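Dear colleague,

I am passing on the structure we talked about, which you will find just below. My notes on what was found in it follow, and I would be glad if you read them with the model open.

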Amino acid sequence: MENSRLIQTSHLVFLLLALSVSYVHCQATRVGFYSKTCPRAESIVRSTVQTHFRSNPTVAPGLLRMHFHDCFVQGCDASVLIDGPNTEKTALPNLGLRGYEVIDDAKTQLEAACPGVVSCADILALAARDAVVLTNGPNWLVPTGRRDGRVSLASDTSNLPSFTDSIDVQKQKFSDKGLNAQDLVTLVGGHTIGTSACQFFMYRLYNFTKTGNGADPSINPSFLPQLQALCPQNGDVTRRVGLDTGSETRFDASFFSNLRNGRGVLESDQMLWTDSSTKTLVQRFLGVRGLLGLSFNVEFGRSMVKMSNIGVKSSTEGEIRKVCSAIN
């Protein structure tokens, strides 16, 4: 009996190892990819992000958003970093991206330490994780081994999630990338840090409806005057407003509390609460009684790893750029 159990256990361990190897091979990434070829790779990226964060904390949400925008177009291949006419960087959804100087700085240091080894795509994936950690968010192991893409077209950015997308459209866009509804709610939770310009939500504040006060009825009536004061009609549409009111510089689950209280800034964010198909997931992050709770920190790391493996380029499809803003 004991021998039989040992054999079954051995078979199970072998199967799990085989599945693990198969998964890593399929994704072409693994934790510690540079452990021999560039042992200081992750520490160089980390220290670079820390240096820039100390002088400008807004690079943290900037790097997180940039990684997301990179992965949703052409996969996680640093195509969003490429300069030039009609590249992804020039597309309307990407005009507000910040943090390019952090990636360039890290790349310069890595090329000095390990020339031609570390991809820009991996630098961006690592920097996004390090940025979250610096805002008191979770830490997670980042699989590396991505290659840099050779294609960057502004026209390909149409599949990026938009602030006006319905939940069904958001879910479809995520599904197209192999991500489910839980990944959607989790990753949108990244809005716990960062800001948005008034121009992306002002339409909710004035003349949204022809009844009542004219505002989006999903906005808490006590929150509306606060938003209107920040973004008055005919005011500065480029003014930045925190997406997680009261906690926009700290990575935490208060973003979901704000959604529950009708204090979501973007319409697409607030829809996570008003749509029944995603509301339950928000409630699970809030620890609502009677529902199986979810740890936002744990799930965020899992979903980030999942997202960071979208469309990873093989050695024949990609390259290791010498400069992140230009194809070799």
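In this predicted model, the largest nonpolar core comprises 67 residues, and the members that touch the most others are Leu 81, Ile 103, Phe 300 and Met 307. Helix 5, which spans residues 120–134, gives the most to this core, contributing 10 residues. A second, separate core holds 15 residues, among them Phe 223, Cys 231, Val 241 and Val 265.

If neighbours within four places in sequence are set aside, Leu 81 is in contact with Met 66, Lys 89, Tyr 100, Ile 103, Cys 120, Arg 321, Cys 324 and Ser 325.

Turning to helix packing, the axes of helix 3 (residues 59–71) and helix 4 (residues 100–113) come within 9 Å and cross at roughly 80°; because angles of 65 to 115 degrees count as roughly perpendicular, helix 3 is described as roughly perpendicular to helix 4. Helix 3 makes this contact through Val 59, Leu 63 and Met 66, and helix 4 through Tyr 100, Glu 101, Val 102 and Ile 103. Of the residues in the contact of helix 3 with helix 4, six are nonpolar, none is polar and one is charged.

As for the overall fold, the protein has 12 helices and two strands, arranged along the sequence as α-α-α-α-α-α-α-β-α-β-α-α-α-α. Of the 328 residues, 49% count as buried, and among contacts between residues at least 6 apart in sequence, 73% join residues at least 24 apart.

With best wishes

Methods. Residues are numbered from 1 along each chain as its sequence is written. This is a predicted model: local features need pLDDT of at least 70, side-chain atom pairs count only at pLDDT 80 or more; totals for chains, interfaces and linings use all residues. Side-chain values use heavy atoms; hydrogens and water are left out. A nonpolar core is a set of buried Ala, Val, Leu, Ile, Met, Phe, Trp, Tyr and Cys residues joined through side-chain atoms within 4.5 Å. Buried means under 20% relative accessible area, exposed over 50%, partly exposed in between (1.4 Å probe, protein chains only). Helices (H or I, at least four residues) and strands (E, at least two) are DSSP runs, numbered from the N terminus. Contact means heavy atoms within 4.5 Å. Axes are lines fitted to C-alpha atoms, for helices over the stretch in contact, and angles run from 0 to 180 degrees between N-to-C directions. Angles under 35 degrees count as roughly parallel, over 145 as roughly antiparallel, 65 to 115 as roughly perpendicular and the rest as oblique. Ala, Val, Leu, Ile, Met, Phe, Trp, Tyr, Cys and Pro count as nonpolar, Asp, Glu, Lys and Arg as charged, and the others, Gly among them, as polar.
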